Amino acid sequence: MLHKQNSEFCAMRAVPNQTRWSDIIRKHLAQGSSKEVLTVYNQIRRKGLYILGVVHLVFKACASSSKLNYGKSLHAEVMKTAAFFDVKIGTSLLDMYAKCGHITDAGRVFDEMPVRSVVTLNAMIGGYLRNGDTKSALDLFGKMSTRTAVTWIEMIDGFARRGDTLKARSFFDVVPSDLRNVVTWTAMIDGYTRNEEMEAARELFEDMPERNFYVWSSMISGYCKRGNVKEARAIFDRVPVRNLVNWNAMISGYAQNGFCEEALEAYWKMQAEAFEPDGVTIACVLSACAQLGQLEAGKEIHNLIVEKEIELNRFVLNGLVDMYAKCGDLSNAKLIFEGMSHRTTTCWNSMISGLAIHGQSEEALEFFRRMEDSNEKADEITFLSLLSACVHGGYVDEGLEVFSKMEKHGVTAGVKHYGCLVDLLGRAGRLKEAFDLIKNMPVKPNDAVWGALLGACRVYLEMDMVEQVMQEVVKVHGKMDSGDDLHYVLLSNIYAASDRWEKAEKMRMSMTDKGFQKTPGRSAVMLGYTEQ
């Protein structure tokens, strides 16, 4: 029977243009276009062809895009032929299951494979570590008679990704000299940077006999993750020959740390040096434009996307929605949002937040209702944006309802959520409810929460409540001196507004004695793409 299946399979794979199909799929895979790989494979099957040489590539595409159901269907198709006994196909199949989180299925495929290569063993070790089964990974590693550089890299990277850099380092230190290459060094350094252990990463980095572009980027990203943008830039300036990945690491680090003007400057300089931006670059600079409110720069980048035919993946689309929404161009934000086939939580948040910021509170609530209907999971940012919308729109009942839904959505309310609710109740004159809420909060109220209530007391001239609030602030801080400067200003204004001039003057004198100064206001105008 097996011989008959083999004969049938050989007949099926003897098709013209096999190399052409394989080349097309490999090209899409190299570009990270997993969706295109599956589209091409569907075309092949519709033509009645079955090409052995591309099956393992399709499994790789399923793994990188988490298309488990597609992979399962292909697995069932493979089982009808003898192709399952091909080592390359079996290895890519178990790797697909492992990367999709189905380690039991991966193990079953592994156990059923009649022949396994060292690549198969490496894939299984990586799968075990990725899914948290360190014991099985160690057992399999111990049984291996032959190990390659990839074997050691899987162990180093696997334990580092789990936060166990000590175990990862113990493997790195015993890598045989003939297998210790630039990638093994990079895996260990990347493990340190991922866990923000920059001192250890830097020490190993400086000892590297040679460096690849990835390790430079890893160091840049690691310092940016720690907020040390200055040191990240120092590393960037040392890169002997920069590529797009290095530029992206620096631009991303700037944007993530709020150095948005620097991010845009780096972006323009990168282009001046003849580097073409990709989707990662675009997503980062759109974030910078959104934070700066630079609509014109954002539109220019949007035009570049169209002109260069840059792939509109979810990161680019989310970046466009966020940029337009934060910059107040809600029409374009909605246009892009409504055209998206799949909307992530981040994308919904961008729309809800943008609407809230620009005073469209009712529409923000409507978008949340649509989000709930779409079964997309709301998170902390979703609810913070919604509560902010309710505060600015004066929607007290709706705000209380939103807050009550947090538990249902599996989101724990933080101090910022409580602060919004206190602000909402305070603005509506429901000061006692706001005070009781603070007293019963499961998290410690910060100065912003007390400040929100004091601000409401100022509006409604509730002097008794002011005294109660200040008693609580003193309890928390031990003395009034430790509180926020804003509290002194608010108290002085409250006393003055209620004609308690003596107390107001006393508060002003106290502020002067302690050296408190009112922060001066500032205005900004955009000259070109620079804030002045």
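1. Let me begin with the overall contact pattern. Among contacts in the protein chain between residues at least 6 apart in sequence, 59% join residues at least 24 apart, where contact means heavy atoms within 4.5 Å. The protein chain has 31 helices and two strands; these are DSSP runs numbered from the N terminus, with helices being H or I of at least four residues and strands being E of at least two. Of its 532 residues, 47% count as buried (buried is under 20% relative accessible area, exposed is over 50% and partly exposed is in between, with a 1.4 Å probe and protein chains only).

2. A word on the basis of these notes. This is a predicted model, in which local features need pLDDT of at least 70 and side-chain atom pairs count only at pLDDT 80 or more, while totals for chains, interfaces and linings use all residues. Residues are numbered from 1 along each chain as its sequence is written, and side-chain values use heavy atoms, leaving out hydrogens and water.

3. Next, a helix pair. Helix α9 (residues 134–143) packs with helix α10 (residues 149–161) at an angle of about 160 degrees, and their axes are 12 Å apart. The axes are lines fitted to C-alpha atoms, for helices over the stretch in contact, and the angles run from 0 to 180 degrees between N-to-C directions. That angle makes α9 roughly antiparallel to α10 (under 35 degrees is roughly parallel, over 145 roughly antiparallel, 65 to 115 roughly perpendicular and the rest oblique). The crossing of α9 past α10 is left-handed, a term used if the near helix is turned anticlockwise from the far one by less than a right angle, with clockwise giving right-handed. From α9, the contact uses Thr 134, Ala 137, Leu 138 and Phe 141; from α10, it uses Thr 151, Trp 152, Met 155 and Phe 159. These residues divide into six nonpolar, two polar and no charged. Here Ala, Val, Leu, Ile, Met, Phe, Trp, Tyr, Cys and Pro count as nonpolar, Asp, Glu, Lys and Arg as charged, and the others, Gly among them, as polar.

4. Helix α23 (residues 361–373) and helix α24 (residues 380–393) pack at about 150 degrees, with axes 8 Å apart. That makes α23 roughly antiparallel to α24, and their crossing is left-handed. On the α23 side the contact is made by Ser 361, Ala 364, Leu 365, Phe 368 and Met 371, and on the α24 side by Thr 382, Phe 383, Leu 386, Ala 389, Cys 390, His 392 and Gly 393.

5. Now the rings. The structure holds 16 aromatic pairs (rings of Phe, Tyr and Trp, the last by its six-membered ring, pair if their centres lie within 6.5 Å; planes under 30 degrees apart are stacked, over 60 edge-to-face and the rest tilted). The rings of Phe 205 and Trp 216 have centres 5.1 Å apart and planes at 80 degrees, so this pair is edge-to-face. The pair links distant parts of the chain, with Phe 205 in helix α13 (residues 198–207) and Trp 216 in helix α14 (residues 213–225), 11 residues apart. Both Phe 205 and Trp 216 are buried.

6. Phe 337 and Trp 348 form another edge-to-face pair, at 4.9 Å centre to centre and 80 degrees between the planes. Phe 337 lies in helix α21 (residues 330–339) and Trp 348 in helix α22 (residues 345–357), 11 residues apart. Phe 337 is buried, with a relative accessible area of 0%, and Trp 348 is buried at 2%. Elsewhere, ring pairs link Phe 141, Trp 152, Phe 159 and Phe 171 into a cluster.

7. Two backbone angles deserve a look. Most residues other than glycine have a negative phi. Ala 274, however, has a positive phi of about 70 degrees; this residue is in the loop between α17 (260–272) and α18 (279–292) and is exposed, with a relative accessible area of 67%. Glu 309 has a positive phi of about 55 degrees, sits in the loop between α19 (295–308) and α20 (314–326), and counts as exposed at 72% relative accessibility.

8. Thr 186 lies in helix α12 (residues 182–194) and counts as buried at 5% relative accessibility. Not counting residues up to four places away in sequence, Thr 186 touches Met 208, Asn 212, Tyr 214 and Val 215.
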